Amino acid sequence: MEKTIAAVSTPIGTGGISVIRISGDDAVQIADRVFVSVSGKKLSELKGYTSAYGKVYDKGELLDEAVATVFLAPHSYTGENVVELSCHGGMYITSQVLRAILDSGAVTAEAGEFTKRAFLNGKIDLTESEAVMDIISAKGRAAARSAIGIKEGRLRREIDDVKSSLIDSAAHLSAWADYPEEDIPEVSEDTLCENITNALSKLNSLIRGYDIGKSVKEGIDTLIIGKPNVGKSTLMNFLSGSEKSIVTDIPGTTRDIIEETVVLGNVVLLLSDTAGLRDTDNPIEKIGVERAKKRVQSCGLVLAVFDASRKLDENDYSMLEMLSDVPSVAVINKSDLNSVIDVDYIKSKVSEVVFISAVTGDGIDNLISAVEKITGAAEFDENTAVLSTERQRECTICAKNALEDALSALNGGFTLDAVTVSLEEAIQALLELTGERVSEVVVHGVFSKFCVGK
Ligand code: GDP
């Protein structure tokens with residue numbers, strides 16, 4: 001029997017309320033040992049999905065007022081009996097209430113253990129579990145909506161479709177090979193080939209979408225460069241003033257120190273110290289062309305800023321030379337002033353060129369479209385299934401490779417046995433993706449990235 005676990009599910013800190021979650025066979029009995037409702041009713045007398053207001057005690061000493069919500073198995077997040085105690089959100093109070101619960105028979109939940117139990121109890125599959133992390137860490141609308149879709153089973157359904165068509169083919173092949181005396185229709189190689197090709201095309205499109213999905217989700221390391229006084233800081237302030245997101249410390253989502261996280265349309269831009277925002281006033285003069293080039297080449301996006309009211313000079317020319325093979329947008333700023341800049345020359349070097357005024361905000365929409373286009377985010381459809389973790393991508397690639405082997409075996413005139421073996425390999429990889437057949441090590445790996453209480 002699994003032990004009953006407990007943890008604080010809200011962030012540790014001072015807030016209006018904190019929620020302490022208890023899950024397991026004894027959740028309700030344990031909660032009854034610390035919680036006394038004002039109605040006098042025990043929580044064990046309550047139906048699922050009901051709440052009671054009352055007080056929390058530790059060995060007779062009053063700790064806090066709280067609302068207890070009871071969920072009865074299997075109708076809860078974890079699929080087990082769950083009680084959620086909402087008490088006042090002070091760090092001290094919360095830790096005392098948790099301690100009283102632990103003293104009454106619960107054990108501390110491990111990182112991600114509530115979600116892990118939901119997975120083990122069949123409430124959600126592994127892709128949906130991973131989506132929980134993505135919902136929590138989403139920095140922008142597209143990332144959040146996409147993660148919610150995956151949590152609702154969008155990826156699972158897509159994988160299930162591919163998987164069941166492969167299972168049908170593999171089953172037919174096996175039956176036909178193993179029971180020759182039965183009247184099983186011969187396997188049509190054309191139909192088999194068509195099935196495999198369809199499955200391959202779906203897997204390939206998932207693999208192609210992974211990188212774009214990743215940048216939408218995690219953001220793109222972005223560098224703003226340009227000679228002094230072209231308006232880099234003004235642009236930066238304008239962008240960060242428009243929408244600034246909060247950087248979290250959820251394991252797995254932390255990255256280099258982020259100076260500014262800016263949401264531009266569908267794209268999250270990470271304008272970071274490591275990207276050298278603070279000292280890029282004049283990368284060309286100050287740090288030399290070579291170092292500037294290295295920085296430019298290692299980032300995910302460059303916003304190269306020019307001043308429309310000044311002619312291009314040596315600094316601009318050498319900057320433009322650096323941009324040839326880097327995703328970049330030429331931002332011609334100060335469009336409110338008289339333009340003397342050689343736009344055609346810039347266009348000959350950079351494919352995306354936009355005019356803006358960082359002071360008035362004119363042209364920002366064009367900048368957003370250009371950034372979405374150059375980063376591929378314009379193609380990102382939050383309503384389609386996307387792979388959201390490296391683990392999912394690896395499983396998909398494994399399945400894809402196996403299907404390619406199956407096709408080669410088929411086209412190369414090998415026995416159908418060879419095709420069956422490859423099909424089974426592909427199915428196994430997809431079962432691992434959804435978590436239907438997966439090793440303990442992988443499951444542990446997935447949930448160890450969660451925080452305690454989730
Ligand atoms: P940086 O050195 O590239 O960071 O440039 P700043 O952002 O400090 O801007 C230099 C000067 O240009 C400041 O006086 C800004 O107010 C002005 N400036 C920035 N953007 C615009 C713009 O779009 N139009 C006009 N007219 N002035 C601007």
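Which residue in β11 is the bridge partner of Ile225?

What you're looking at is a predicted model, so to speak of local features we ask for pLDDT of at least 70, side-chain atom pairs count only at pLDDT 80 or more, and totals for chains, interfaces and linings use all residues. Numbering starts from 1 along each chain as its sequence is written, and side-chain values use heavy atoms, with hydrogens and water left out.

Okay, back to the question: it's Ala304. Ile225's strand, β8, covers residues 220-225, and strands here are DSSP E runs of at least two residues, numbered from the N terminus. β8 pairs with β11 (residues 301-307) in the parallel sense, over four bridges; to call two strands paired, DSSP has to find at least two bridges between them. β8 is also joined to β10 (residues 267-271) by two bridges, again parallel, and there Asp221 sits opposite Leu270.

Five of the six β8 residues are buried, so the strand is largely enclosed by the rest of the structure. Buried means under 20% relative accessible area, with a 1.4 Å probe and protein chains only.

Now for Ser23, in strand β2 (residues 15-23). Ser23 is buried too, at a relative accessible area of 0%. Its side chain makes polar contacts with the side chains of Thr78, at 2.9 Å, and Glu80, at 2.5 Å. A polar contact is a pair of N or O atoms within 3.5 Å; within protein, one must be able to donate a hydrogen and the other to accept it, and residues adjacent in sequence count only if both atoms are side-chain atoms.

Note on methods
Buried < 20%, exposed > 50% of the residue type's maximum accessible area, 1.4 Å probe, protein only.
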